[in-house]
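Q: I would like to learn how to read charged side chains in a model. Can we go through them one feature at a time?

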Amino acid sequence: MARVRRHKSEPISKRKRSTVALRESEKPVLLSRRIVESEPSELSVSSTFAEALTKQPADQVLTTASFTQVVIPKSTPELLAEIASTWELHPVLVEDLFHANQRPKVDRYDDVLFVVLKSAVYVDSAEEVEFKEFHLLMKDSVLVIICQDDRFIDGTPIPDRADDMDAYFNSEDRQWTSDRELLSLGPEALVYRLLDTAVDTYFPVLDGLQDDKDGIERQVFSGDTAAAERIYLLSQEVIDVLHTTTHLNRLTQRLGNGAAKYAIPTELQAYLDDVIDHLTRVLAEAAELREALSQILNVNSTLVAQRQNEDMKKISGWAAILFAPTLIGAIYGMNFDDMPELHWAFGYPMAIGLMVGLGVVLYTVFKVKKWM
């Protein structure tokens, strides 16, 4: 069921940090690594943006095919202010940077690319879709990834330990980490891969929604009166998915429209086409799911009306059965002196017999007509 979501800009509860700079403190944590000739270096931990930009292995030689990746698991106003000051960001961009809970979008401010992405996680126990927001800033050969929630872009919870963080970024299981051909195309390629990763998180969400939709169908045909509320709540989750993915689709369209203007390589356009294909599938499945839930709601309304009709038949039948003896009793209860059966010895048994007999006849008729 849908729940009131925490506003994305509200602070996330502090985690216990262990070793290096991930120990619980007031200083922000920045994770950076240099990628040279598609080969990523070891992860470095910094506490300032300037330090993250300059930190690199001593034996590493910079080339034109290198870029820096900076990940901020949890931002602070001071850190965002430092980024804005260091890069001299546009005031409008600074305002967006300080305000989370935004729709997915892409904007360019001079030489800075700003992208808002949202991935999704389905909480099956609550039947709720949780959206995780990420801000991407790209300038020259630097890509900054700012996490607004407690997960990375692929839905993995942000680890508490530095060793786990390093293992996450160096895992060959993650395509955007292991694809050397992709990394050789520069920070723009990583933006596209992150976009693709965010879109792919919606497929497990749709699977979870589909499973719950199947459960609702069984609930509807079992006659559970709580089915209607569950349909409405699940429909709201599907609508949220549709709205978010629609904005993601507009984001990809803007990136595609700017491919020629900003000289995006053909290889990157192929990655973007793949993202668009995935988004098309997500939008189609979400729309079908919304339509299916609408049909289930109509079926549920029909079944409820049918059950109410059956109940009304039973109520009407019993009312008619009870009306028969009431009618006979009313006739013999009239205050008339001259009534044929008034002083008859068998008048009382006859009246009782008529009441019972008429009730039995009516019950039999209604039973045959399946009203009872």
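Q: Is lysine 105 buried or exposed?
A: This is a predicted model. A residue counts as buried when its relative accessible area is under 20%. Lysine 105 has 14%, so lysine 105 is buried.

Q: Which residue forms a salt bridge with lysine 105?
A: Side chains of opposite charge can pair when their charged atoms come close. Here lysine 105 pairs with aspartate 107, and the closest N and O atoms are 3.7 Å apart. Aspartate 107 is buried because its relative accessibility is 17%.

Q: Which residues are linked with Lys105 and Asp107 in a network of salt bridges?
A: Asp96 and Arg254 belong to that network.

Q: How many salt bridges does the structure hold?
A: There are ten. One of them joins the side chains of lysine 132 and glutamate 130, at 3.3 Å from N to O. Lysine 132 is buried at 5% relative accessibility, whereas glutamate 130 is partly exposed at 24%. Another joins aspartate 214 to lysine 213, with the closest N and O atoms 3.5 Å apart. Lysine 213 is buried at 9%, and aspartate 214 is partly exposed at 24%.

Q: Which residues form a negative surface patch?
A: Residues in a patch have no salt bridge and over 30% relative accessible area. The patch here consists of Asp124, Asp207, Asp211, Glu285 and Glu288. Helix H8 (202-221) and helix H10 (266-332) each give two or more residues to the negative patch.

Q: Where does aspartate 211 lie?
A: Aspartate 211 is in helix H8. Its relative accessibility is 51%, so aspartate 211 counts as exposed.

Notes
Residues numbered from 1 in each chain as written. Predicted model: local features only at pLDDT ≥ 70, side-chain atom pairs only at ≥ 80, totals over all residues. Heavy atoms only, no water. Patch = residues over 30% accessible without salt bridge, like charges linked within 9 Å, V, L, I, M, F, W, Y side chains within 5 Å. Areas by Shrake-Rupley, 256 points an atom, 1.4 Å probe, with all protein chains shown as cover. Salt bridge = Lys/Arg side-chain N within 4 Å of Asp/Glu carboxyl O. Lys, Arg positive; Asp, Glu negative; His and termini not counted. Charge placed at Lys NZ, Arg CZ, Asp CG, Glu CD. Helix = DSSP H or I, 4+ residues; strand = E, 2+ residues; numbered from the N terminus. Buried < 20%, exposed > 50% of the residue type's maximum accessible area, 1.4 Å probe, protein only.
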